[in-house]
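Here is a model to read together, one question at a time.

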Amino acid sequence: MFDKRALIVGVTGIVGNNLARQLLAEGGWEVLGISRKPPSGLSRVKHVALDVLDVEATRRALADARPTHVFFCTWTRMSSEAENCRVNGAMVRHVLDAVSGPGQVSVRHVALVTGTKNYLGPFDMYARNQPETPFREDQPRLPIDNFYYVQEDVVFEFAARNGWSWSVHRPHTIVGYAVGNAMNIGVTLAVYASVCKAHGRPFLFPGSPTQHAGLSDVTDARLLARHLAWAATAPAARNEAFNVANGDVFRWKRLWSVIGGYFGLEAAPYPGEQVPLQQQMADMAPLWSGLVQAHRLQPHGIDELASAWHTDLDLGRPMECVNDMNKSRRLGFLGFQDTERSFLDLFDQLRHERIIP
């Protein structure tokens, strides 16, 4: 029935979940999804409960998987970048080793999702180098440890050995529906705005002056899913690394007012300096719990929904961050997403699912 069989590593995450929905909607795909817990709302995905850090369990679980396309859409944060390199490189290696063992000759393509830390550096040195923008795929690697580079090298090694094609996808800040995701700016801002509205707090942009007034872009998870599906089958996209962004640019000082307007809030005057969300949201856990009870929302704690630390990284950068998309357009991907709709569509879905009031 299917001529393509996808193996999505990280199917419950913001990228993997949207990718599974995209492939199923396209038709012609059978979808296997790896995660520790089963995904919700994806009954047509064959779920494989697995911790890919366990090499023997991975080999056993994928012995008969025989995917034609492997999509690596997950990562694990460790205490240092050296540990990030070791652990996240091992995760990719374990999966690719399992699907290239004896009798496994089905794989055609491997896609790896990384991000703009390819250009900005890892968490402990984030944006310190201030590279030239717009980011372009042919910019050289930074001369520092970065687990993205380790993951890429593992993919390149297996692809060269087995004759597979590959693609690397570098989204900017991802906006999309996911619960429990460690890097979810959209849900974080929705929780923050909901508490500000309910308790009369100022809706204060938390980022740097450059991020407030400068140009930026983001990546809708739905657009990224379409990009992954395109690159997996388009001959022109073989063995290429791609930036993936919505295709428009914006300034947060306008978008902040748009987001506030959705929640019935007026944006507070910008104070001219960063006021981190971690600071603003430090006492919001009990306030959020009260909203959950009052509005009979799904029983998610604030720490499960909001990742203030990561949103502070995104909004605290001392430089404009935009991505050049010309390579994708030149090779045939013409997808586009209105960024304001990225956020508003997400908020609509969060309300529909009773995640926010």
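Q: Which residue stands opposite E240 in β10?
A: That is S167. Keep in mind that this is a predicted model.

Q: Why is β10 called largely enclosed?
A: Because 4 of the 5 residues of strand β10 (residues 240–244) are buried, the strand is largely enclosed by the rest of the structure.

Q: Why is E240 called partly exposed?
A: The relative accessibility of E240 is 24%. Buried means under 20% and exposed over 50%, so at 24% E240 counts as partly exposed.

Q: Why does K327 count as buried?
A: The value for K327 is 14% relative accessibility. The limit for buried is under 20%, so K327 counts as buried. K327 lies in helix α14 (residues 326–331). Leaving out residues up to four places away in sequence, K327 touches E137, E240, A241 and F242.

Q: What makes the pair E240 and K327 a salt bridge?
A: Their side chains meet at 2.9 Å, N to O. The cut-off is 4 Å between a side-chain nitrogen of Lys or Arg and a carboxyl oxygen of Asp or Glu, so the E240–K327 pair qualifies. Because E240 lies in strand β10 and K327 in helix α14, the pair ties together parts that are 87 residues apart in sequence.

Q: How many salt bridges are there by this rule?
A: The count comes to 21. Among them is R317 with D314, whose closest N and O atoms are 3.7 Å apart. R317 counts as buried at 3% relative accessibility, and D314 counts as buried at 4%. Elsewhere, salt bridges that share partners join D220, R222, R341, D345 and D348 into one network.

Q: Why is the aromatic pair of W75 and F147 called stacked?
A: The ring centres of W75 and F147 are 5.7 Å apart, with 15° between the planes. Centres within 6.5 Å make a pair, and planes under 30 degrees apart count as stacked, so W75 and F147 form a stacked pair. W75 is in the loop between β4 and α3 (81–98), while F147 is in helix α5 (residues 147–162), 72 residues apart. At 22% relative accessibility W75 counts as partly exposed, whereas F147 is buried at 2%.

Q: What makes F205 and W256 an edge-to-face pair?
A: The ring centres of F205 and W256 are 5.3 Å apart and their planes stand at 85°. F205 is buried, with a relative accessible area of 2%, and W256 counts as buried at 2% relative accessibility. Both rings belong to one aromatic cluster, which also includes Y192, F250 and F347.

Q: How do you know that R77 sits over the ring of F123?
A: The charged end of R77 is 4.7 Å from the centre of the F123 ring, and the distance limit is 6 Å. R77 also lies over the face of W309, at 4.2 Å from the ring centre.

Conventions:
Residues are numbered from 1 along each chain as its sequence is written. This is a predicted model: local features need pLDDT of at least 70, side-chain atom pairs count only at pLDDT 80 or more; totals for chains, interfaces and linings use all residues. Side-chain values use heavy atoms; hydrogens and water are left out. Helices (H or I, at least four residues) and strands (E, at least two) are DSSP runs, numbered from the N terminus. Buried means under 20% relative accessible area, exposed over 50%, partly exposed in between (1.4 Å probe, protein chains only). Contact means heavy atoms within 4.5 Å. Two strands pair if DSSP finds at least two bridges between them. Rings of Phe, Tyr and Trp (its six-membered ring) pair if their centres lie within 6.5 Å; planes under 30 degrees apart count as stacked, over 60 as edge-to-face and the rest as tilted. A charge sits over a ring if NZ of Lys or CZ of Arg is within 6 Å of the ring centre and within 35 degrees of the ring normal.
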